[in-house]
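Please keep the model open while reading.

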Amino acid sequence: MVAIAFEDNTELHVNIEAEELWSEGNTDVLDEYYTDDFVYHGPDGDLDMDGYRTHASEFREAFPDCHVAVHETVLDGDLTVARFTYSGTWEGTFRGMESNGSSFSVDGISMARIEDGKFAEIWRYTDRMAMMTQLGLVDLPA
């Protein structure tokens, strides 16, 4: 979801979050590309490295075909911002609820602070109401 800007600040960006962590479910990237004191700031509150690893693993179990498409990234000093769409099909337990087989596709924005070429913090916003509505968990009034 957020592109890493390496220490040399070249225009080379690697979509570690989008491709390896979320689309492939490879949580090993957390050890390689995230600082030891990494903090995620998201809709469910702040998570440390262990909490983020658990969050990513549980999400991938619920939505094993999760895919993230990054549309644009912007780099400014040690901050990088990305606009993305993520989607998936509900196939496993999600927050204690059994799958109903529905799918979602929602937009979001992430900003990350890079420290020594690694993610130190990520702030993320996604359209949770749209996701919950598409999954059939929320009925909006007509």
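## Salt bridges

The structure holds six salt bridges, each a side-chain nitrogen of Lys or Arg within 4 Å of a carboxyl oxygen of Asp or Glu. The model is predicted: local features need pLDDT of at least 70, side-chain atom pairs count only at pLDDT 80 or more, and totals for chains, interfaces and linings use all residues. Numbering starts from 1 along each chain as its sequence is written, and side-chain values use heavy atoms, with hydrogens and water left out.

Side chains of opposite charge can pair when their charged atoms come close. Helices here are DSSP runs of H or I with at least four residues; strands are runs of E with at least two; both are numbered from the N terminus. Arg53 is partly exposed, at 21% relative accessible area. Asp31 counts as exposed, at 53%. The cut-offs are under 20% for buried, over 50% for exposed, and partly exposed in between, with a 1.4 Å probe and protein chains only.

## A charged network and a strand pair

Asp44 forms a salt bridge with Arg95, with 2.5 Å between the closest N and O atoms. This pair also links distant parts of the chain: Asp44 lies in the loop between β3 and β4 (45-47), Arg95 in the loop between β6 and β7, 51 residues apart. Asp44 is partly exposed at 46% relative accessible area. Arg95 is partly exposed at 48%. Arg128 joins in: Asp44, Arg95 and Arg128 are linked in a network of salt bridges.

Arg83 and Glu72 meet through their side chains in another salt bridge, 2.7 Å from N to O. Arg83 belongs to strand β6 and Glu72 to strand β5 (residues 67-76); the two are eleven residues apart. Arg83 is partly exposed at 36% relative accessibility. Glu72 is partly exposed too, with 40%.

## Overall fold

The protein chain has four helices and eight strands. From the N terminus on, the order is β-β-α-α-β-β-α-β-β-β-β-α. Of its 142 residues, 42% are buried. Take the contacts (heavy atoms within 4.5 Å) between residues at least 6 apart in sequence: 56% of them join residues at least 24 apart.

Helix α1 (residues 16-23) is largely enclosed by the rest of the structure, because six of its eight residues are buried. The buried residues are Ile16, Glu17, Ala18, Leu21, Trp22 and Ser23. Gly25 follows α1, and its phi is positive, near 75°.

## Strand pairing

Strands count as paired if DSSP finds at least two bridges between them. Strands β3 (residues 34-42) and β8 (residues 118-126) run parallel, joined by four bridges. Tyr40 stands opposite Ile122 in β8.

β8 also pairs with β7, here in the antiparallel sense over eight bridges. Glu115 stands opposite Lys118 in β8. β7 and β8 form a hairpin with two residues between them. Asp116 in the turn has a positive phi of about 50°.

## Gly108 in β7

Is Gly108 buried or exposed? Gly108 is buried, with a relative accessible area of 4%. The residue belongs to strand β7 (residues 103-115). Leaving out residues up to four places away in sequence, Gly108 touches Ala82, Arg83, Phe84, Tyr125 and Thr126. Gly108 and Val70 are 38 residues apart in sequence, yet 9.6 Å apart in space, C-alpha to C-alpha.

## Surface

The protein chain exposes about 7300 Å², and carbon and sulfur atoms supply 49% of this area. Accessible areas come from the Shrake-Rupley method with a 1.4 Å probe; for residues, only the protein chains shown count as cover.

Which residues make the nonpolar surface patch of about 230 Å²? Val74, Val81 and Ile109 do. Patch residues have over 30% relative accessible area and no salt bridge; like charges are joined within 9 Å, and nonpolar side chains (Val, Leu, Ile, Met, Phe, Trp, Tyr) within 5 Å. Val81 lies in strand β6 (residues 79-89). Val81 is partly exposed, at 32% relative accessibility.
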